[in-house]
Amino acid sequence: MKEQPVQRQSFLHGAAILALATALIKLIGACYKLPLGNIIGDAGYGYFTQAYDIYSVLLTISTAGLPVAMSRMISEAQALGNHAQIRRVYKASLYVFLTIGVAGSGGMLLLCRQLAHFMEQDNAWPAIAALSPAVLFVCVVSSFRGFFQGQSNMTPTSVSQVIEALCKLLIGLGAAWIVMDQTGDVALAAGGAILGVTVGTVVSAAYLGAKHRAASAYLTGQGGEAKPLGLTIRQLLAIAIPITVGAAGLQLINLVDTKIVLAQLKGAVGFSQAQTDNLKGIYNFCQTLFNLPAAFIVPITVSIIPSITNFLTMKNGRGAWQIEESAVRITALLGLPCGIGLAVLSRPILVMLRHYGEAQLATGVPILTILGVAVIFNCLVLLTNAIMQAHGNVTTPLIHMLLGGIVKVVVNYALVGIPSLNIIGAPIGTLSCYIAIITLNLIAMRRMLGTRCPRILRTLAKPLLASLVMGAAAWAAAGLLGRFVPSGAVCCLGAIALAGVVYCVMVLALRIITLEDCMLLPKGEKIARFLKIH
């Protein structure tokens, strides 16, 4: 028999593959974004991010719900051995993806100037135009990724993500430098920088297309009975539409929120356009750091949906509960130290990465400190949303996200207009948003799952203690090194290194990692036996 090209992985095995790719992508991204900020400046970085904000809305509409729907339906079909239905789900999703992708790319390209004007950053239009084709190709890429992820194979997704990151680095950074060197036009340089993202999606789609042809050929000969195409599309949309509507609504709220923040800075506070652009650039850079820890939680959420769905399809409720418990523990182990670390080391991090002066630090440090705390709640929101979606509840988490978005808009409107706070009010709105969402999620999960609800608050206790001790060590080390070491980079890296050692010691001392967690890792039995012996 022909060897199966789609190799299934356990929950943590798949998450580990995606996390490794994420670490590599973030390293490449640092090599991209840090020099980029120095090439195009804070104003140019603001244009760059503005294009991403608009792109994110269209991207959410294109890809928020369908990959989740694909993952669940393909996992169900695989658990039942219906290989023909796996191919049918992919075909149905591709039709929907292409329709949305063509409309999204066309609208973003044709309305690039109007969108930039709406966001009160007219000079962002070249970046918006350069990014528009990416919507179509991301839709194609997402259909391929959903096909593999639904079968618990995370390798093609990981490789394609690295391909995109490399194209962004080599092409985007090169284009930004050339345009800036030749023209000195910050807006055009921002457009050149974002061109690498578009090229990356094209190359990624080509790679995944080749992988899919081999996998699809194998499934063709494996049998099963496919449902009618129309019925499969309706089932996909029944899952995807609530997620998409809610996620798109949240993205639209975020766009409106950005517009309100900029308008408040210029109107209520009285800043000039140049001052507003620079403040927005500092805030956007802090948001980039805020988004970094969540990128390592996404692999967990991607992996648990097909894993939980598989257990539920086979009527194995305890297996699903064990996956959820481990996911909560791993999320806490990653998210808590990242959030606390960003909060206590906000100043040395900004000095090391952007070489900010005192005036910029006066704005950036409180922003990053508040966003560091928000990281913790954001990571938990991502995980709890995925757990509810895996159990078939796709509406509740999105309603909570919308409510949280409304909280963010209200808080930002009230606080950003206060001159003494100005842009610092924006991260307070973000923190308020995620606190509201996770509170609603925990209440809903307890009501929905009952005794099978993962013990989230109890599971957080030990990782929180370890993270607080780590944070205290990092804060003390940064203060001590700052007195004797003139280099900001050495001071920051030294504090991070000590914090990492302290955290690892605390994790081992508190026995936070369990044998059940290790059994879910590659070669888990050997790891579990080692920990049990030692």
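Start by selecting Glu-325: its relative accessibility is 4%, so this residue counts as buried (buried is under 20% relative accessible area, exposed over 50%, partly exposed in between, with a 1.4 Å probe and protein chains only). You are looking at a predicted model, in which local features need pLDDT of at least 70, side-chain atom pairs count only at pLDDT 80 or more, and totals for chains, interfaces and linings use all residues. Numbering starts from 1 along each chain as its sequence is written, and side-chain values use heavy atoms, with hydrogens and water left out.

**Stop 1: Glu-325 and Arg-455**

The term means a side-chain nitrogen of Lys or Arg within 4 Å of a carboxyl oxygen of Asp or Glu. Glu-325 sits in helix α11 (residues 317-344) and Arg-455 in the loop between α15 (425-449) and α16 (456-484), so the pair ties together parts 130 residues apart in sequence. Helices here are DSSP runs (H or I, at least four residues), numbered from the N terminus. Arg-455 has 33% relative accessibility and therefore counts as partly exposed.

**Stop 2: Glu-164 and Arg-145**

A search of the whole structure finds three salt bridges. Select Glu-164 and Arg-145 for another: the closest N and O atoms are 2.8 Å apart. Glu-164 belongs to helix α7 (residues 155-183) and Arg-145 to helix α6 (residues 133-149), so this pair links parts 19 residues apart in sequence. Both Glu-164 and Arg-145 are buried.

**Stop 3: Arg-347 and Glu-358**

Move to Arg-347. This residue forms a salt bridge with Glu-358, with the closest N and O atoms 2.5 Å apart. Arg-347 lies in helix α12 (residues 346-354) and Glu-358 in helix α13 (residues 358-390), so the pair joins parts eleven residues apart in sequence. Now check the accessibility. Arg-347, at 38%, counts as partly exposed. Glu-358, at 54%, is exposed.

**Stop 4: α13 against α15**

Keep α13 and show α15. Their axes come within 8 Å and cross at roughly 25°. Axes are lines fitted to C-alpha atoms, for helices over the stretch in contact, and angles run from 0 to 180 degrees between N-to-C directions. How do α13 and α15 run, roughly parallel or roughly antiparallel? They are roughly parallel, the term for angles under 35 degrees.

Finally, colour the contact of α13 with α15 by residue type. There are 21 nonpolar residues, five polar and no charged. Nonpolar covers Ala, Val, Leu, Ile, Met, Phe, Trp, Tyr, Cys and Pro; charged covers Asp, Glu, Lys and Arg; the others, Gly among them, count as polar.

How values were computed
Helices (H or I, at least four residues) and strands (E, at least two) are DSSP runs, numbered from the N terminus. Angles under 35 degrees count as roughly parallel, over 145 as roughly antiparallel, 65 to 115 as roughly perpendicular and the rest as oblique.
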